[in-house]
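Colleague: I have not looked at this structure before. Please take me through how to read it, one feature at a time.

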Amino acid sequence: MPNLGVIISLLIIFGGLAWLLFRSLTGREVKRRVIFVFIFVAVAAPILFPITFEEHATPVVRDLFDRIETLPRGSRVLISFDYDPAMAPEVQPMANAISFHCLTRGHKVVCMCLWATGQTLLSNTINDVILPEFPNIIDGVDYVNIGYKAGNEGVLNVIVSDFKKMFPTDVNGVPLDSVPIFDEINSCADFDLIVALGGGRPGPKEWVLFVGDPADVPVGVGVAAVVAPQLYPYYPRQIIGILGGIKGAAEYESELAHRHEQFADMDKPGLNMMGPQTLAHITIMAFIVIGNIAFFTGRRRKDR
Amino acid sequence: MNRSTYIVAAVVVLLFALSWVLHTLAMSGEADGVTRAFMVTMAAFLTLAIYSFLYKDNAFYKLAEHLYVGVSAAYWMCQGFWSTIVGNLIPRLSEGASNFFQQPYQASSWNVAYWIPVILGIMLLMRLTKNYGWMSRWPLALIVGTTAGLNFVRYLRSDFIVQVSSTFVPLLGDKELHPWLGFGAFVSNLDLSATGQLAALATNWVVFLGVICGIVYFFFSKEHTGVFGRASRVGIWILMITFGASFGYTVMGRISLLVGRITFLFRDWLGLIS
Amino acid sequence: MKHKLMIGVLFVLFGMSSLWAQTEPVEADSAVVDSTELYPAPVSHLRATDKPNDHGHAIVVEWETSADDGGGKNNVVLYQVFRSMSFDGPFDSVGTAPAGEGRFEDIGSKDRSSSSFIPDDTDLFYQIDAVTADPAIRTPSDILDPVQSSGQWFNTGRVPVLVAVLIFGLLTGIFVTSAKRGRELYVRPIGGIEAVDDAIGRATEMGRPILYVLGLGTAADVATIASFTILSRVAKRVAEYQTELIVPTYDPIVMSVAQEVVKSSYFDAGRPEDYKEECVFFVTQSQFAYVAAVNGIMLREFPATNVYMGKFYAESLLLAETGSLAGSIQISGTDEIAQIPFFIVACDYTLIGEELYAASAYLGREPKLLGSLKAQDWAKAAVVVLAIVGLVAANFGWLEFPTLFRVID
Amino acid sequence: MRRQIPFALVFIFGIFMVFQYFVPHETSEWAYEFLLDWIIVIGIFALALGIWSLFKVSVEKIKLGKEGAKYSYLTLVGLYLMVAFGFTQQTGGSLGFGYFVWIVLCSACIVALMRLRAVSDSGAKRMWGMVSLVTLVAAVLVAIFDDAWAFFLYTPEGLQNSMFRTFFDYVMMPILATMFSLLAFYIASAAYRAFRARNVLASLLLIAALLVMSRFNPFIPGAEYVAKASNWLMNVPNLAAQRAIVIGIGLGIVATALKVILGIERGYMGKG
């Protein structure tokens, strides 16, 4: 049933666009209201009938995906949730997908945050993804939440050489010395991968400068779209992969769904958000093209 | 008003009532169900009223617009009164006034100074009188003078000195981020992602020349001819490319806003999606 | 290889430190262990000074790190700083510095009632402990001679700004006086401003009003101040042509100023009797309610020309698109960089950033205003020259040059 | 004299703020904080000026019977409602039925008063006068006898009034968000209308926008290069242009501020 809706709405949009294109060949302009209707349909249809486009992971995204995919089972991955609810629509899908991916591959995941606001979002990921999807994993053995520590970059400066000095216990008050994951972890250098999620300060950039570079640990990042361009200069030498905005999240989800069947049935907020975005962008671009065709044919007519 | 107007109005009122009833039924058992059902319907109705403006200006848009103007003006007035006047000013004016408004009095020997803005504020209100309107210029002078002084040094520092000093970049390669790897590497890695040697160098050059040409475009007291004119031409090109790019970049955020509103309509009001 | 070696060394070190950390049960035997073995060497060359360039209430403490920090027994993990009002104590902990660090800024509150209040002009005594992983094992330093904090009357870190203020003031002074003496100053034509007069003429022909939007700025925003000057010119023309003017405002103070501006323009045009105070009115201090109202005006009054000058945020495109829907000629100008693209796309003429300020000088044609425009151009020329010099400096390793521009807050 | 004093004040306060920037001493800091506090307080008084103007314009519209005058009733009622909510609060478990009766009566009273001003014929005047009187008396009676809620004129309980918050959440926020989301439509129509390859400048605008928007087009080949190129555009030329504009704007602001302090620019005082 939703498929029918998808087909009908796509037919409406693309059929309409083709008709407008044909009309514009005679130099006629499109009325503004027509554009409004198209934009509404392009955004509303994918919300009603989720349309997912085949997203192909770009190398920046795939590099991070492949790293998590190819790390041997039991590798230790640190995920830091450094963002607030305002950034969550973009970053939370990445957090969910990456946590899921790490646990599916059997990595041991340590979650923490440098932002006080990250704690709720961190527990959201644990409650929405980790616990329901992996009923058999054990807190402390397969994953651990060590919570929030105030101090921003100062925290990073300490954990780069001594983790337990800054985080003596996990979020439930269990001493890290008795948490099995931490048996072989003393500092950040003992992690096989660090994933920094965020977009503000402290955020991915600080993780690279204060931890990734000095401790020589690979860092992958997931950030809000507005800050993504600022991180590209660090790729691929200092950052192994970047997920930028909802698009990066969608690419990751699509890659994940491709390789791991279990994920294919899960909620994919990033990909869902991409439906309206993609359709609306295509529609706007199509209108720009149509406008130019109408403009040039109209001008040629006038010249004649 | 013709007949069709009445018919449309009647249909809208009916739909509104229907939505109210249905939502009330759906929320039955909850506290304030009737009020909440009304308000959800109201919110959806107002949302659609604003969207109807896209078709053309109409009675429903006018309704929403005028209501919004009145409500928002009053909202800011209440907030301003309670937080600034009662919250910050009264506790410093006098102990009697603080007690009257049940605010803790913040004693300080300089509290007398807080009578000055009160007097200036009253002078501002003198605009409403015919003969003492000139008084309103005094508080205005205070505000404009203070912010002008503030802007003068702050902008000189942040928009001038800091920006100028950040154009001092090495054009022959950055030793930290992109060390010179030899000519072979330079030619072979023509990547735009700022990892290639060429891209790193091009970045610095484009930024440097872009800034210079952009500044040249903003020269007002010299005719834009010759080399100067060409530089200013390049300057406006770079500005235009940037404007186009940021326009394109913003589309995503705007679509997200629309997604939010449509989700509200479909989920919270119509219950079409979960 | 080098890394592996380092990691190996680190492992050994961490192993050792964790051994110490786990020796709690052994502590009973600590009397057996020679205590001097465990205690680190104290810090040396301790000195404290008033923090410079501040409002007081802050002391900088510096020391040379303990011999056992990064060498020797290598067991110092942090330094704890203590302060007291008297030599005999009690000493309160005011903060810590990580191992390897030889400096601590003790910044207190200026608020007398705050717990972190540090009084000015009062003797303060400092002491530093070198602390090991076991907080109980630590070595205090000697107590330092008393030091006093105080506020300064000049912030030397801001000298570059002072120099810039003086140079800019001087430039403005020179060009304003020379302009006053009657020196002709050229100003390049600014597209949007030339269009204003035509647009007013068009409105007159069509018998439709002119809508002037001052944006969301306050009366103190420079963009709004520039906009007032343009408004006064527009209002004067409007009065001469006897067209209608509509000025909805967002800020009440802006409203009262705009009323004043329009009133005196009508007066200057010799038509004070035509001035109606209702043409400048307040809408609401809520961004989108204001937009909703102005959009309504556009589609009800169908102004021939819309002028947007001042500070604009997300509403820029909402206004400009509705205006173009109403078929108005649109002239815009803002210094809000993020909104310039939308105005450029949707309006017929747009003043980009600084052009808005220049427009007010250009319109006024007053020598004094033009003089300061010339001073701005000279400052821009200085930017270009400095950028080139700075570039040369950066490429040839002359590192002192950029430091001339460093402002320390 | 009346004209000169304000400019003298501008000069004094402007110069003071410039000096203040270089003086870190507590005294200067203290004066700075005082001045900023003052400006906030004066702004609140100004808001009263604005509300008065809004009120006057609405009443004027009604009085003159201008087109759309009937909507001005709504503005006034909305204004009144929100103020009423801001100064009342429940005293028991809920606001109760009487509160809504009171609200309706007061709104009716306002409408009647406005009608009273708008109509000219004496019979109608008498009728609206009666209506406003009756509703006013009824409203006062309800206010006196209903114990479920009360006025709070000295303490900010009104801000916690459930109706105050409901109006914010269900009237102000939906309209705000919807107005904001209109941008999605307008950004499309603006792009359609303006992005025409008319000349070099327009073409550059068009190409850059298309390139950046192509990030979201899965049908365009070489997605990876498109993503890189758009990132480069946002990173490099964007940085250059922003910096050029910022330097220009910074100098413009500095120059205008200086002109204002020195009294060269006087347009903002109404004598251009």
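Colleague: What is the strand order in the open sheet of six strands in chain C, and is the pairing parallel or antiparallel?

Modeller: First, how to read the labels: this is a predicted model, in which local features need pLDDT of at least 70 and side-chain atom pairs count only at pLDDT 80 or more, while totals for chains, interfaces and linings use all residues. Residues are numbered from 1 along each chain as its sequence is written, and chains are lettered from A and ligands numbered from 1 in the order in which they are written. Helices (H or I, at least four residues) and strands (E, at least two) are DSSP runs, numbered from the N terminus, and two strands pair if DSSP finds at least two bridges between them. In this sheet of chain C the order is β10-β9-β8-β11-β12-β13, with parallel pairing. β10 (280-282) and β13 (349-352) of chain C are at the edges with a single partner strand each, so one side of each has no neighbour in the sheet.

Colleague: By how much are neighbouring strands of this sheet turned against each other on average?

Modeller: Axes are lines fitted to C-alpha atoms, for helices over the stretch in contact, and angles run from 0 to 180 degrees between N-to-C directions. For this sheet the average turn is 15°, direction ignored. Within β13(C), C:Thr350 is opposite C:Ser332.

Colleague: Which strands does helix α5 of chain C lie across?

Modeller: Contact here means that the C-beta atoms of two residues, placed from the backbone, lie within 7 Å. α5 (residues 222-241) of chain C lies across β8 (210-215), β9 (245-249), β11 (305-311) and β12 of chain C, at about 165° to β8(C). Helix α8 (residues 315-325) of chain C lies across β8, β11 and β12 of chain C and runs at about 165° to β12(C).

Colleague: What is the strand order in the open sheet of four strands in chain C?

Modeller: That order is β4-β3-β6-β7 of chain C, with antiparallel pairing. Its edge strands, β4 (92-98) and β7 (138-140) of chain C, each pair on one side only. Neighbouring strands are turned by 25° on average, again ignoring direction. Inside the sheet, β3 (residues 76-84) and β6 (residues 125-132) of chain C run antiparallel and are joined by eight bridges. C:Val76 has C:Thr132 in β6(C) as its bridge partner.

Colleague: How is chain C divided into domains?

Modeller: Domain bounds come from an automatic or database domain assignment. For chain C they are domain 1 (32-140), domain 2 (156-183 + 369-403) and domain 3 (191-365). The C-alpha centres of domain 1 and domain 2 of chain C are 45 Å apart.

Colleague: At what angle do helices α2 and α3 of chain B cross?

Modeller: Angles under 35 degrees count as roughly parallel, over 145 as roughly antiparallel, 65 to 115 as roughly perpendicular and the rest as oblique. The axes of α2 (residues 33-51) and α3 (residues 59-93) of chain B come within 8 Å and cross at roughly 120°, and α2(B) and α3(B) are therefore oblique to each other. For handedness, a crossing is left-handed if the near helix is turned anticlockwise from the far one by less than a right angle, and right-handed if clockwise. The crossing of α2(B) and α3(B) is left-handed.

Colleague: How does α3(B) cross α3(D)?

Modeller: Their axes come within 7 Å and cross at roughly 30°, which makes α3(B) roughly parallel to α3(D). This crossing of α3(B) and α3(D) is right-handed.

Colleague: How many residues of chain D are in contact with chain B?

Modeller: 100 residues of chain D are in contact with 99 residues of chain B. α9(D) gives the largest share of that side of chain D, 20 residues. To sort residues by class, Ala, Val, Leu, Ile, Met, Phe, Trp, Tyr, Cys and Pro count as nonpolar, Asp, Glu, Lys and Arg as charged, and the others, Gly among them, as polar. The side of chain D that touches chain B has 83 nonpolar, 14 polar and three charged residues.

Colleague: And how many residues of chain D are in contact with chain C?

Modeller: There, 50 residues of chain D are in contact with 64 residues of chain C. The largest share of that side of chain D, 15 residues, is from α9(D). By class, the side of chain D that touches chain C has 32 nonpolar, 12 polar and six charged residues.
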